[in-house]
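The sequence and the structure come first, and the description follows.

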Amino acid sequence: MAISKYLESRKNIAGSVCGLAGVGLTFAGVAGAYWPVVVAGLYGAGALIAPPERPAPPDFPDPSAQLDELRGDFEKLSGYLMEVELSPAAAGRLTELTNLLTALLAPGWSTQLLAQDPEGLHALSRTVRQDLPEAVDSYVRARWWTRLTPGQEPPERHLERQLGLLQQEAESLAATLRDTEARRQETHTRYLEDRGGG
């Protein structure tokens, strides 16, 4: 394995090219009786001056691939959410939130903008993969315990607040994307105005 790696390395290739030059000098009569030393020396010199091998950078998925994975995870999450019984108020909040998440993740201009916004993509990923499943799962578990020990604050209230906060985050992300698109439009208008004025 190490030998085949060296054979394909830059050092071996550069050394071989210089060694071939030494063979050429030998046939030209320049190296004389010391031709083996000349060929070996030129090979060694070529191997020394060759640029060092550098490891290939890690191949991370591009943002569009990350969005495809996130869409798949959101579909799984949607299936899970359909199975959970919620109070009417919490169900309404959840529907509003999932509708907004669906719109943000729908293929089209919004995902093109998200692909250029790593922080927005991270926030959306955190909502889908962590915050929303945790909010609903903790509600389901707390509701079971509340049945055993009545008189506690209803878990529905916590869930409604959590869903409201997640809705605010998603709306803020949507507003950021909208502002990005508006700035792009304004920039193009200024460009056209400047070009026309010039």
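How are α2 and α3 oriented to each other, roughly parallel or roughly antiparallel? The model is predicted, so to say: local features need pLDDT of at least 70, side-chain atom pairs count only at pLDDT 80 or more, and totals for chains, interfaces and linings use all residues. Residues are numbered from 1 along each chain as its sequence is written, and side-chain values use heavy atoms, with hydrogens and water left out.The axes of helix α2 (residues 10–27) and helix α3 (residues 35–49) cross at roughly 150 degrees and come within 7 Å. α2 and α3 are therefore roughly antiparallel to each other. Angles over 145 degrees count as roughly antiparallel, under 35 as roughly parallel, 65 to 115 as roughly perpendicular, and the rest as oblique. The axes are lines fitted to C-alpha atoms, for helices over the stretch in contact, and the angles run from 0 to 180 degrees between N-to-C directions. Helices are DSSP runs (H or I, at least four residues), numbered from the N terminus.

The crossing of α2 and α3 is right-handed, a term for a near helix turned clockwise from the far one by less than a right angle; anticlockwise gives left-handed. Residues of α2 in this contact (heavy atoms within 4.5 Å) include K11, N12, A14 and G15, and those of α3 include W35, V38, V39 and L42. By class, the contact of α2 with α3 has 12 nonpolar, seven polar and one charged residues. Ala, Val, Leu, Ile, Met, Phe, Trp, Tyr, Cys and Pro count here as nonpolar, Asp, Glu, Lys and Arg as charged, and the others, Gly among them, as polar.

The crossing of α4 and α5 is left-handed. From α4, the residues L67, L70, R71, F74 and L81 meet L94, T98, L101, T102 and L105 of α5. This contact of α4 with α5 divides into seven nonpolar residues, two polar and one charged.

L101 belongs to helix α5. With 0% relative accessibility, L101 counts as buried, the word for under 20% relative accessible area; exposed is over 50% and partly exposed is in between (1.4 Å probe, protein chains only). Leaving out residues up to four places away in sequence, L101 touches F74, L124, T127, V128, L132 and A170.

P133 sits in helix α7 (residues 118–148). Apart from neighbours within four places in sequence, P133 is in contact with L77, Y80, T127 and V128.

Two further prolines follow in the sequence. P154 is in the loop between α7 and α8 and is partly exposed, with a relative accessible area of 28%. P155 has its place in helix α8 (residues 155–197), and at 8% relative accessibility P155 counts as buried.

The table gives C-alpha separations for these residues.

| Pair | Separation along the chain | C-alpha distance |
|---|---|---|
| L101 and F74 | 27 residues | 8.6 Å |
| P133 and L81 | 52 residues | 8.3 Å |
| P154 and L192 | 38 residues | 58 Å |
| P155 and Q167 | 12 residues | 18 Å |

The domain assignment of the protein chain gives domain 1 (1–49) and domain 2 (63–197), with bounds that come from an automatic or database domain assignment. The C-alpha centres of domain 1 and domain 2 lie 62 Å apart.

Conventions
Helices (H or I, at least four residues) and strands (E, at least two) are DSSP runs, numbered from the N terminus.
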